[in-house]
Amino acid sequence: MEELKSLADLLDLQRVDLEIDRLIDRRGSLPELAEYRATHEELETLRRRLAELEDEAKTTARELDRVGGELELTEQKAATEENRLYAGGLSARDVEYLRREVEMLRGRISQMEDRVLELMEAKERLDAEAEELRGRIAELDEAKARLEETIGAEWRKIDAELAVKEERKSQIVPLVDEDLLALYEELRRRREGAVVGTLDHGVCGVCHLQLSAAEVAEVVRQNPPRCIHCTAILVP
Ligand SMILES: [Zn+2]
């Protein structure tokens, strides 16, 4: 009778243990966790891309400054040469030389203006893309924070349930015979799911296979009874 009592308590213990397993499994497999990881990875990628864009924008801005400065100097130089032309009093050869010089400078100015325009457009594109990315990053940061909150709340709920189950477990464990408990723990280490089942009309409650009347008679003589098919501890 004492032994049966212990076996029934072992079934209770298994029920609690399986609930604990289920809670721990749920804790680690919340759908929000996968979403959180994916969001985190996307954010990393976007931040790297943003850093690249910002770098490119900086380089473009520096190039724009450089070409802009050069353009200004060339314009000043062209204006000076033109003024000399307008002032007159030059030999025909000097006039021709200055005229060509101004023409060359104007050509370079035109090229530099094209380049400035190109750089300004590139800078604008880079800035716009960076701005869009910053917006997307801010959205994802918010989504990530929301997920963190949800996960935290779910975990607190699960942990509270776990605490209740652990408390229940600590009440049952002292009721179970020590050797039986050791065997149970050993079986649980070796495989997942149930390791204790009822023996109901010769059917094992774990593997659901039928035992013959002779096998049942043999099994219940053992201490503790074990299923001949799956070696689960059986509660007659
Ligand atoms: Zn079995």
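## Overall layout

Helices here are DSSP runs of H or I with at least four residues, strands are runs of E with at least two, and both are numbered from the N terminus. By that count, E101 sits in helix α3, and we will come back to this residue below. Please keep in mind that this is a predicted model.

The protein has five helices and three strands. Starting at the N terminus, their order is α-α-α-α-β-β-α-β. The radius of gyration is 41 Å, well over the 18 Å that the globule rule gives for 236 residues, so the protein is more spread out than a compact globule. Its C-alpha trace spans about 130 × 35 × 25 Å along the principal axes.

If you take the contacts between residues at least 6 apart in sequence, 74% of them join residues at least 24 apart.

In soluble globular proteins, nonpolar side chains tend to be buried together. The largest nonpolar core in this model holds 23 residues, and those touching the most other members are L10, L13, V176, L180, Y184, V196 and I233. At least two residues come from each of α1 (2–28), α3 (92–172), α4 (178–190) and β3 (233–235). Helix α1 gives the most, with seven residues.

Setting aside neighbours within four places in sequence, V176 is in contact with S6, D9, L10 and L181. Another core lies apart from this one; it has 10 residues, including L50, L126, A130 and L140.

E82 belongs to helix α2 (residues 31–87). Its relative accessibility is 18%, and buried means under 20%, so E82 counts as buried. Beyond residues up to four places away in sequence, E82 touches V102 and R106.

Now back to E101 in helix α3. With a relative accessible area of 13%, E101 is buried too. Leaving out residues up to four places away in sequence, its contacts are K77 and E81.

## The zinc site

Which atoms coordinate the zinc ion? They are the SG atoms of C204, C207, C227 and C230, at 2.3 to 2.4 Å. In sequence, these donor residues follow the spacing C-x2-C-x19-C-x2-C.

The angles among the four donor atoms run from 106 to 112°, and the site is tetrahedral. For reference, the ideal angle for four tetrahedral donors is 109.5 degrees.

## Backbone details to check

Two residues other than glycine have positive phi values. H208, with phi near 65°, lies in the loop between β2 (203–204) and α5. H208 is exposed, at 58% relative accessible area. T231 has a phi of about 60° and lies in the loop between α5 and β3. At 34% relative accessible area, T231 is partly exposed.

Where is P224? This proline is in the loop between α5 (213–221) and β3. The peptide bond that joins N223 and P224 is cis, with omega about -5°.

How values were computed:
Residues numbered from 1 in each chain as written. Predicted model: local features only at pLDDT ≥ 70, side-chain atom pairs only at ≥ 80, totals over all residues. Heavy atoms only, no water. Core = buried A, V, L, I, M, F, W, Y, C linked by side-chain atoms within 4.5 Å. Buried < 20%, exposed > 50% of the residue type's maximum accessible area, 1.4 Å probe, protein only. Contact = heavy atoms within 4.5 Å. Donors = N, O, S within 2.8 Å, 3.2 Å for Na, K, Ca; no water. Tetrahedral: all angles 85-135°; square planar, octahedral: opposite > 155°, others 65-115°. Rg over C-alpha atoms; globule rule 2.2 N^0.38 Å.
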